[in-house]
Protein chains: 2
Amino acid sequence: MSLDNIRIVLVRPVYGGNVGSVCRAMMNMGLSRLTIVGPQDHLDWEETRKMSHHAVELLDQRASFATLAEAVFDCGLVAGTTARMGLYRSHALTPREWAPRLLQQAAAGLVAVVFGPEDKGLSNEELALCTQIIQIPSSPRYLSLNLAQAVMICGYELYVASGAFQPVSERSAQAPSELRERMFDMWRKTLVDIGFMKDDKADHMMMGLRRILSRGKLTVNDVHILMGIARQAQWCADQLPPEARSSTPSP
Amino acid sequence: MSLDNIRIVLVRPVYGGNVGSVCRAMMNMGLSRLTIVGPQDHLDWEETRKMSHHAVELLDQRASFATLAEAVFDCGLVAGTTARMGLYRSHALTPREWAPRLLQQAAAGLVAVVFGPEDKGLSNEELALCTQIIQIPSSPRYLSLNLAQAVMICGYELYVASGAFQPVSERSAQAPSELRERMFDMWRKTLVDIGFMKDDKADHMMMGLRRILSRGKLTVNDVHILMGIARQAQWCADQLPPEARSSTPSP
């Protein structure tokens, strides 16, 4: 699977908590290869483990390198993230634009997504090692994302683009017309019999009910629930003494 | 602007750091209305302020309510997030699916996006107040996202869907064919004159160069740089003494 070939590279991270949050975000999004570049002694490891939560295995399996060049030496596509303007900005792509390309490359070999230090971002020398520059959409009022949040958005776009997630809505099909129509027939009869509407107004009233029930998708299960309600109301109507049936109050 | 009408509602948050990170994520994505439901005395406010970073104004401007019903009483569409399976799962939508609909509603009035407590998520009673259920795509190996990460992904989808972000790539147009062709003409002459290729192989070699330079977009600026290189190499070639011109080594 392509996601296994994607290396998330943190260059000189400052805060252990962020490194831990990165691990959790990666595992949430099906990524497993964490690489850290630069010294790690200053990191608060207790905080790192705490924030990684159930993803501490990614932390334990991390690779470590002294320089970015070493960390990506075996990677084809190398994508670097930056919030800064300037030299590289004019050919930056958004995560949504590059996610499919990156996955395509990852199907054939290792690729890297590189994130700079929290305070300064990647240096120009480090950006020069990158074959792609990524800019995450953010508000001009506050451009700079937290490190783990930046990893999350890139991971999320990769995970969605990978097709690994099956949207629930696809699995829960819309009820077929025939079933819906049987349900509406039941409601029509019941609404007349309980005295909600007279027979000559029924067509008009049913158009209103159809409109209400057609705003969203109706699944087979939904239709069965609505049939159950109609059936039970019909039972009530059938209990009415004959003299009450003709004198039900209008709503 | 529609983003101003979107209320982010945190129900009984447990960790102050998460609340602060939510503020930063909101401001990154152009959102400004934070609402907290339930008691707040237990929150570590120092941590909250620290993690909100430059978005502390959202914290100071937050609204507070005792119950979710009060927090959303004036909202039309109310979208609740859940990672849990069960009753509501079958009609959950992804953030990408609901973002345009939510923005459409927000153009006309207030809407809410609701997030449950870190440990337990929203209760069934709270989910029942929601008109939409959101499920964020995540790996079956680790479904549950950190609270601020969940807010970030929803905010990111809303911000992208709002069209507030103009991708840089749109502003930096591909160079027109005429300019590209002038550049290739310059390179063709230069590569012959510096002795890189003989005239009879030039067409073939130029196909290779075209292929290399056509893999990505070439902007006007890129073409000017490439022309500058050719021009300078041509200058060198023009300095060659006549006897050297016919005896340049083949590459």
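The following legends describe several close-up views of a predicted model.

In this predicted model, local features need pLDDT of at least 70 and side-chain atom pairs count only at pLDDT 80 or more, whereas totals for chains, interfaces and linings use all residues. Residues are numbered from 1 along each chain as its sequence is written, chains are lettered from A and ligands numbered from 1 in the order in which they are written, and side-chain values use heavy atoms, with hydrogens and water left out.

**View 1. The open sheet of chain B.** Six strands of chain B form an open sheet in the order E3-E2-E1-E5-E4-E6, with parallel pairing; helices (H or I, at least four residues) and strands (E, at least two) are DSSP runs numbered from the N terminus, and two strands pair if DSSP finds at least two bridges between them. Strand E3 (63-65) and strand E6 (132-134) of chain B stand at the edges with a single partner strand each, so one side of each has no neighbour in the sheet. On average, and with direction ignored, neighbouring strands of this sheet are turned by 25 degrees against each other; axes are lines fitted to C-alpha atoms, for helices over the stretch in contact, and angles run from 0 to 180 degrees between N-to-C directions.

View 2. Strand E1 (residues 6-11) of chain B is mostly covered, since six of its six residues are buried; buried means under 20% relative accessible area, exposed over 50% and partly exposed in between, with a 1.4 Å probe and protein chains only. In a regular strand the side chains alternate between the two faces of the sheet. Both faces of E1(B) are covered, with B:Ile6, B:Ile8 and B:Leu10 buried on one side and B:Arg7, B:Val9 and B:Val11 buried on the other. E1(B) pairs in the parallel sense with strand E5 (residues 111-115) of chain B over five bridges, and B:Val9 stands opposite B:Val114 in E5(B). Five bridges also join E1(B) to strand E2 (residues 33-37) of chain B, and these two strands run parallel; here B:Val11 stands opposite B:Val37 in E2(B).

**View 3. Helix H5 on the sheet of chain B.** In E5(B), B:Ala112 stands opposite B:Arg7. Helix H5 (residues 95-106) of chain B packs on the sheet, where it touches E1, strand E4 (78-81), E5 and E6 of chain B, and its direction makes about 145 degrees with that of E5(B).

**View 4. Helices H9 and H11 of chain B.** Helix H9 (residues 177-193) and helix H11 (residues 220-239) of chain B pack at an angle of about 25 degrees, with their axes 9 Å apart. The two helices are therefore roughly parallel to each other, a term that covers angles under 35 degrees, while those over 145 count as roughly antiparallel, 65 to 115 as roughly perpendicular and the rest as oblique. The contact, meaning heavy atoms within 4.5 Å, involves residues of H9(B) including B:Met183, B:Met186 and B:Trp187, and residues of H11(B) including B:Val223, B:Met227 and B:Ala230. By class, the contact of H9(B) with H11(B) has twelve nonpolar, three polar and five charged residues; Ala, Val, Leu, Ile, Met, Phe, Trp, Tyr, Cys and Pro count as nonpolar, Asp, Glu, Lys and Arg as charged, and the others, Gly among them, as polar.

**View 5. Two loop residues of chain B with positive phi.** B:Arg12, in the loop between E1 and helix H1 (16-28) of chain B, has a phi near 45 degrees, a positive value in a residue other than glycine. At 36% relative accessibility, B:Arg12 counts as partly exposed. B:His53 lies in the loop between helix H2 (45-52) and helix H3 (56-60) of chain B, and its phi, near 55 degrees, is likewise positive in a residue other than glycine. B:His53 is partly exposed, with a relative accessible area of 44%.

**View 6. The surroundings of A:Tyr15.** A:Tyr15 lies in the loop between strand E1 (6-11) and helix H1 (16-28) of chain A, and at 52% relative accessibility it counts as exposed. Leaving aside neighbours within four places in sequence, A:Tyr15 is in contact with A:Leu43 and A:Glu118. From C-alpha to C-alpha, A:Tyr15 and A:Gln40 are 9.8 Å apart in space, and they are 25 residues apart in sequence.
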